[in-house]
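Reader: I would like to learn how to read the packing and backbone features of a model like this one. Could you take me through them step by step?

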Amino acid sequence: MSIKNELEAIIFLGGDENKIKDLAKFFKISVEDMLKIINELKDDRKDSGINIEVSADLVYLATNPLYGEVINNYFEQETKPKKLSSASIETLSIIAYKQPVTKSEIESIRGVSVDRIIATLEERNFVRNCGRQENGRRANLYEVTEKFLAYLGVKKITELPDYEELQEKIKRVGKSDNNEN
């Protein structure tokens, strides 16, 4: 039996209470080695219906967001996932194309405060804090998550449309709309 398979079974039964340091201690390996195994397991499962998620110092199983629609359809849930507001989409777009990016950088592009939007997007696991800026301010840096990419139906950030091409399309659409009036 491999440690990876044993670990997967423990994560399954442990729910969302699996502390990485406790798993490392149990298997008598370093936390760094445990994280390597968890990341291998996460990579092995990325296209399956169940994903390995790591949050702070915990590891747990979660359904793959790529299959959210089929899950909702199967269980005929009355409450469908909330759609994103245009402000959230705009903020996510800025983060996706400029990541890692600070809240103040997002606000300077949008021209409005994004405190509530960032908090909501973090709650929905669409963005995450990925570190701190290394200048004197040490502001939080944000990036989009795999869950957000799955929401868009893409697997990697590189699958998003090229930013410059997108800008040109928007300009052309805007000009054609103005010509019709």
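This is a predicted model: local features need pLDDT of at least 70, side-chain atom pairs count only at pLDDT 80 or more; totals for chains, interfaces and linings use all residues.

Reader: How should I read a pair of packed helices, and at what angle do H1 and H2 pack?

Author: Two packed helices are described by the angle between their axes together with the distance between those axes. In this case helix H1, residues 3–14, packs against helix H2, residues 20–27, at an angle of about 135°, and their axes are 12 Å apart. H1 is therefore oblique to H2, and H1 passes H2 in a right-handed crossing.

Reader: Which residues in H1 and H2 meet?

Author: From H1 come Ile3, Glu6, Leu7 and Ile10, and these meet Leu23, Phe26 and Phe27 in H2. Sorted by class, the contact of H1 with H2 has six nonpolar residues, no polar ones and one charged residue.

Reader: Turning to the other pair, how far apart are the axes of H5 and H7, and at what angle do these helices pack?

Author: Helix H5, residues 86–98, and helix H7, residues 115–123, have axes 10 Å apart and pack at an angle of about 80°. Angles of 65 to 115 degrees count as roughly perpendicular, so H5 is roughly perpendicular to H7. The contact is formed by Ala87, Ser88, Thr91, Leu92 and Ile95 on the H5 side, and by Ile117, Ile118 and Leu121 on the H7 side. By class, the residues in this contact of H5 with H7 divide into six nonpolar, two polar and no charged.

Reader: Now to the backbone: what should I look for in phi and in the peptide bonds?

Author: Most residues other than glycine have a negative phi, and most peptide bonds are trans, so departures from either pattern deserve a look. One such case here is the cis peptide bond that joins Gln99 and Pro100, with omega of about -10°. Pro100 is placed in the loop between H5 and strand E4, which covers 101–102.

Reader: What is the phi of Lys28, and where does Lys28 lie?

Author: Lys28 has a positive phi of about 60°, although it is not a glycine, and it lies in the loop between H2 and helix H3, which spans 31–45. With a relative accessibility of 75%, Lys28 counts as exposed.

Reader: And what are the phi and the place of Asn125?

Author: Asn125, again not a glycine, has a positive phi of about 60°, and its place is in the loop between H7 and strand E5, residues 127–132. Asn125 is partly exposed, since its relative accessible area is 41%.

Reader: Is Thr145 buried or exposed?

Author: The cut-off for buried is under 20% relative accessible area, and Thr145, at 7% relative accessibility, therefore counts as buried. Thr145 lies in the loop between strand E6, 140–144, and helix H8, 146–152. Leaving aside residues up to four places away in sequence, Thr145 touches Asn125, Phe126, Val127 and Arg128, and Asn125 is the residue with the positive phi discussed above.

Definitions and conventions: Residues are numbered from 1 along each chain as its sequence is written. Side-chain values use heavy atoms; hydrogens and water are left out. Axes are lines fitted to C-alpha atoms, for helices over the stretch in contact, and angles run from 0 to 180 degrees between N-to-C directions. Helices (H or I, at least four residues) and strands (E, at least two) are DSSP runs, numbered from the N terminus. Angles under 35 degrees count as roughly parallel, over 145 as roughly antiparallel, 65 to 115 as roughly perpendicular and the rest as oblique. A crossing is left-handed if the near helix is turned anticlockwise from the far one by less than a right angle, and right-handed if clockwise. Contact means heavy atoms within 4.5 Å. Ala, Val, Leu, Ile, Met, Phe, Trp, Tyr, Cys and Pro count as nonpolar, Asp, Glu, Lys and Arg as charged, and the others, Gly among them, as polar. Buried means under 20% relative accessible area, exposed over 50%, partly exposed in between (1.4 Å probe, protein chains only).
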